[in-house]
Amino acid sequence: MNPKILSVDDSKTIRMLLKRLFTPFVCELFEAGDGQEGLDVATREKPNLIILDYNMPVMDGVTMLRHMRENPELKRTPVIMLTAEASPGIIATVARLGVRDYVTKPFDSDQLMEKVARVVALERRPEISEA
Amino acid sequence: MSNSSVVTEDLSVTSGRALREVFSKQLKLQILEYQVIDPLSTFEGKLLHSAVSINGEKISGTVLLQLPESLAHQITEIMLGAAGDAEEIRDVTGELCNMIAGRVKAELHASGFPATLGTPTVSIGQRIALQQRGEAQLSSTDWSVEGHDTGNFNLQVQIRIIA
Amino acid sequence: MSDNNSITASNEVSVKPEEVSESLKSAEVLVVDDSRMMRAGLTRSLKQLGFTNISEAVDGQDAINKLLDKSYDLMLLDMEMPEMNGMEVLAAMNLNPRLGGVPVIVISGDEQIEKAVQCIEAGAEDYLTKPPHQTLLRARVTTSLEKKRLRDLDKLRFAQLQAEKELVELEKEKSEKLLLNILPSAIAGRLKGGEKTIANGHATVSVMFADLCGFTALSRKTNPAELVAMLNGIFTAFDTIVEKYGVEKIKTIGDCYMMVGGLPIHRDDHARVVAAAALEMVEALDLLNEQNGTNLKMRVGIHTGPVVAGVIGKIKFTYDLWGDTVNVASRMESSGLPGMVHLSEQTQTALQDHFVLEERGFVECKGLGQVKTFFLKGHAEAQAGGH
């Protein structure tokens, strides 16, 4: 079964950017615009990786993480934070909730994908020639 | 307990640093500071403006980014990998301003002024200027993108100490 | 005439508890009570415990003002106060993020235990009954201050970690150019050949390979589904150990498990954590053998040195490691013995004296020549030998 990636961010630009980054690979991409939607999609799809923003309406990233850690089905889902939020307090809170990595915006797309590769093994689509 | 001088002298340095970081890391573009003689005569054509408010216990302010439409187009193409429609160009402009404001906020936080960011608003039109409110510190800097002749853009950051 | 056999007038057992530890004495403590007598009493008790920075607030609003003005390490808060009581102070603190982070011990009269419980649910850390017994005061205050200190250290550590991470990124960029020059030409060629790469050089990491022997023999006796389940069980156990030690699993190749210490961020104890994890993996396999009724063994090899890490490749987008260090680690595994952790001199040097090692001999490794090797026997502190 193809790896499933879920991006949770209220910025359409970021979601589109991530979509573009993952298009060359064999995987299924899902999106959510806030933490609540993120939880709904994660529960339904059981993604192999969640790329998660912090500042979002309805439910923020940390709250979504807390809910995930209390849910036996989502407890072990790997999460990479992708956020403009860089205060040590938030980073500490998030670290305690157990994320695989923490990437601040602005970010280098290559570096983000390297971190993704450490969590999920991906394959390039054969029809995509060297970029 | 006056830390206002920290906000003042560093605001244009802070905003320049934030801008450079976003442009180089996210867009892989080099930018140069640009001396504007007469702001009103520099721009022909429309500008996309994006504003993000910064609000904290001790400070209140705004980050305003203004890009010529053609530059906004180019940046959208870099971010999304393809030409974008009007809505996408607006979203990208808003997100760019959000990232810049995020860096400014991080530096303010480190100087002892924690704050949160508002959602970006985007509009289109002629060049605008933030009105200086009372004792606020205001920095306005213009820039060009190295190797691109899509016109200059402007970044304004205003921070007011409220406590 | 004084009677030396006189009974002590007071019924109280006047045992004066010791002062708190030096590091806590300078903590900023705020005492909040509308009663001057109670405030004075608490302040006196705190002074007897060795505290030197005690402030007082006369009511709830005064307390809030003082909290906004200065950073406190602890607040002792009376419940019953006019205008703004203890509960309302806690509510105000919850609403204002700037007031967060100050531990609160609520002081209440006996008959208000329910209110005290409510306060704890509203964020107070603990409660004491009025007037607090000196020993209890010392215990509760010390606990709160220690917990706060650990939380503050935690926050600082992660902020430092983030800053360190950025520094390491910068260092990596510098050393990358250097490392690409000393990589085997095959790898260097691929990197320069335009294959999409996102790779960085890392100066010193420890790489471990663990290979299950006896698996092929087992596959003749067991059906494929059971085999897969068994292998998954073993690798899942290894995954848990990897997480526990903060090392990074790279991949599994058939019945071989590869992990590395010191990535993605360098750590000085990279060899130590890999060695400790390896020992625990050997134990885990023994336990699984008991549970499954199997007799699987594994050879484990560890080597320390520079690697290039990242994503290189046209089709597979997976994180991997390259360089001689990887080859030597693999050689350590293949030239090792079942049930033993076999490591090179370079790893031995990095382990210093935290582990007990036994010299093995010399192993020929391409590129390095004769490498002196060791078997890992156990942790240095362990008195009774393990397996």
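A residue counts as buried if 20 or more other C-beta atoms, placed from the backbone, lie within 10 Å of its own; 12 or fewer makes it exposed, and in between it is partly exposed.

First, the ground rules. This is a predicted model: local features need pLDDT of at least 70, side-chain atom pairs count only at pLDDT 80 or more, and totals for chains, interfaces and linings use all residues. Residues are numbered from 1 along each chain as its sequence is written, while chains are lettered from A and ligands numbered from 1 in the order in which they are written.

Now chain A. Of its 131 residues, 43% count as buried. Chain A has five helices and six strands. Those are DSSP runs, numbered from the N terminus: H or I, at least four residues, for helices, and E, at least two, for strands. Along the sequence, the pattern reads β-α-β-α-β-α-β-α-β-α-β.

Next, contacts. Two residues are in contact if their C-beta atoms, placed from the backbone, lie within 7 Å. Take the contacts in chain A between residues at least 6 apart in sequence: 64% join residues at least 24 apart.
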